[in-house]
Amino acid sequence: MATTVRRSTRTLPVAPLGPENPLPALLPLDEAHTLQESERAALPAEMARQVGYGPLRSVLPARVFDGYGRRRDPAALDTLVLENDRLCVTVLPGLGGRVASLFHKPSGRELLYANPVFQPADFALNGAWYSGGIEWNIGATGHTTLSCAPLHAARVPAPGGDGAMVRLWEWERLRDTPFQVDLWLPDESDFLYVGARIRNPHDRTVPVYWWSNIAVPEDEGTRVLAPAEETWYFAYERRLRRIPVPEWRGTDLSYPLHSRFPADYFYEVPEGARKWIASLDEKGKGLVQTSTDVLRGRKLFVWGSGPGGRRWQQWLTEPGTPGYVEIQAGLARTQLEHVPLEAGGEFAWLEAYGPLATDPAAVHGADWAAARGHAQERLEAALPRSCVEAAYEAWRPYADADPEGEPLAVGSGWGALEVERGGFTLPGTPFAAETMGEEQRPWAQLLRTGALPCGPADSPPGPTLVAAGWRELLESAHAAKGAARHELDHHLGVAQWHAGDRSQAVRSWERSLDSAQRGARWPALRCLAVADQQEGNTARAAQRSLDAVTDARKSLDTGRVSARAALSALAREAVEALLAADRPGEAATVLDELSAAERALGRFRLLHARVLLARGDTAGARAVFDGDFEVEDLREGEEVLSDTWAALTDEPLPDHYDFRMRP
């Protein structure tokens, strides 16, 4: 049975993603995988260079998703199903192209952790992310901005005439790199093959990042094996330490539940060794991932056995659901690194995912070297390394093959816009002009005419493009006929800020502020407030944030979803800024002016508690906590709940507020 491909749906409890945050993301969300300069000095030279290479200044031009909640209702998600006589693979093209299920028919086993719900949480570089399955992380350190975004998808002939492949592709906007993921199941194969490629169509070197994250079930007997004697241990204290595998400080850390707190273990896989990682249960059965050597890194992520990790697992799914760990594979040794991709170059590799059955006594009863040696022997018997290399060579001529027939799914129009601007030719990954929509049209007009139109005065400005080519177009642009100059200056300032030219950005926003019509000053005020905050001018940042809220309430049409999202985001930023400036009374006023529905949101209830605390009303702040609330967009590693509680009382932190990821 050669691979068949069909469209389908999967119905499960879904928390809607909600609207984008319309405020330009001038600062990166707090990313846990960062190191201080002093920490880098002790690293190997290549690792130290790549840890310091290409850090993000922001997630621009992407927008943040923080408008989701925690109410889940049954909904149908579009899926693509690949199937042969051994495996059934379910893909979510509208949610980052994630492989949601890898079901092995002969054994009747689900090889992945298949999350029974869709629950966004604040883990991606731009906010919303969800757990489970196999995700394709591209762009920069952290979960991709495409975690919850649609990808293009189509059928493509599979190598060797084995039916069809599913090709997923999109334009990754943080680094301006197109990529593709080809999925197929050879006839009678127990392994899903994945051909992946990242291309750099530009005349400059770009930083690149890739990690394939595989969620697998976790229980007391789960052991993770990889071909390494050492690992780079990284936890939320943000230190990177080289430690032995598997035992450190008297604990065998190859068993995920032996870790107390969430942590990353980046394995030091020797050069020339076969690249693989496996998660095996107490019976010696589980999933193995292997690849060609370009994908050199291997990692284990654990939530640990402590209360914070357990609470996060409940948060990402639902009570009573088994836990999971992640085994991962990447281009670098660690996820703190970016890798240079030369002009006109590409990275391409092949991965394989499938079941692995071992002798449980050999896996669990032997020492580390014997256990991993046994697992590698079983892998070699199930899928020889030479077969993976041969499959890669067979796939390469098909990587440029044009998709067949009608699209299976449609991604964004940003790739089509970039292809038009750059004149790129990208065989195998067509970005059709007809995929451009409302968000791309103003920029297409700028490209073709040199004039940038603006949107309705009662709506937030649209997204800003910030790559060097677009910034140059903005610098020489004029406002379209009938359009106001202030919106053009707003976009220009955002692009200059992203480029690191902060003084010019401030000048552009000040110019926007001066030329804005009455009631359209808030975008510039908000951007200037962020600049003030970065310069340490807390008082002016607070005043400008407050003025932005006041102005937006006068000018925005709250009948528009984007306007309501902007007002909510402005209020949140203003309260934070006013608290930092020791103006809790005005912060309270901002909260009071929110709608009842907004005040009921967990983030604003937490802000209310913090305002009460700042005003000396400890009892009132404690009452907020006693009333129970959930901060829907709590950030990975964020400690504001435990910090606020500690300011209120010496009592132990209640379990449902305990998301602490470090001692």
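Colleague: In which helix is H498 found, and is H498 buried or exposed?

Modeller: This is a predicted model, and in it H498 belongs to helix α10, which covers residues 485-498. Leaving aside residues up to four places away in sequence, H498 touches R57, S58, L60 and V466. Its relative accessibility is 19%, and because buried means under 20%, H498 counts as buried.

Colleague: How are α18 and α19 oriented to each other?

Modeller: The axes of helix α18 (residues 618-626) and helix α19 (residues 640-648) come within 10 Å and cross at roughly 135°, in a left-handed crossing. The contact is made by T618, A621, R622 and F625 of α18 together with L641, T644, W645 and L648 of α19, and these residues divide into five nonpolar, two polar and one charged. Because an angle counts as roughly antiparallel when it is over 145 degrees and as roughly perpendicular from 65 to 115, the orientation of α18 and α19 is oblique.

Colleague: Which residues touch the most other members of the largest nonpolar core?

Modeller: In soluble globular proteins, nonpolar side chains tend to be buried together. Here the largest nonpolar core has 89 residues, and its largest share, seven residues, comes from strand β26 (residues 346-357). Another core, of 50 residues, lies apart from it and includes L23, L446, W470 and V530. Within the largest core, the residues that touch the most other members are W136 and W210.

Colleague: What separation do the C-alpha atoms of V561 and P19 have?

Modeller: V561 lies in helix α14, residues 561-580, and is partly exposed, because its relative accessible area of 46% falls between the limits of 20% and 50%. Along the chain, V561 and P19 are 542 residues apart, yet their C-alpha atoms are separated by 7.1 Å.

Methods. Residues numbered from 1 in each chain as written. Predicted model: local features only at pLDDT ≥ 70, side-chain atom pairs only at ≥ 80, totals over all residues. Heavy atoms only, no water. Axes fitted to C-alpha atoms, helices over the stretch in contact; angles between N-to-C directions. Helix = DSSP H or I, 4+ residues; strand = E, 2+ residues; numbered from the N terminus. Parallel < 35°, antiparallel > 145°, perpendicular 65-115°, else oblique. Left-handed = near helix turned anticlockwise from the far one by under 90°. Contact = heavy atoms within 4.5 Å. Nonpolar A, V, L, I, M, F, W, Y, C, P; charged D, E, K, R; others polar. Buried < 20%, exposed > 50% of the residue type's maximum accessible area, 1.4 Å probe, protein only. Core = buried A, V, L, I, M, F, W, Y, C linked by side-chain atoms within 4.5 Å.
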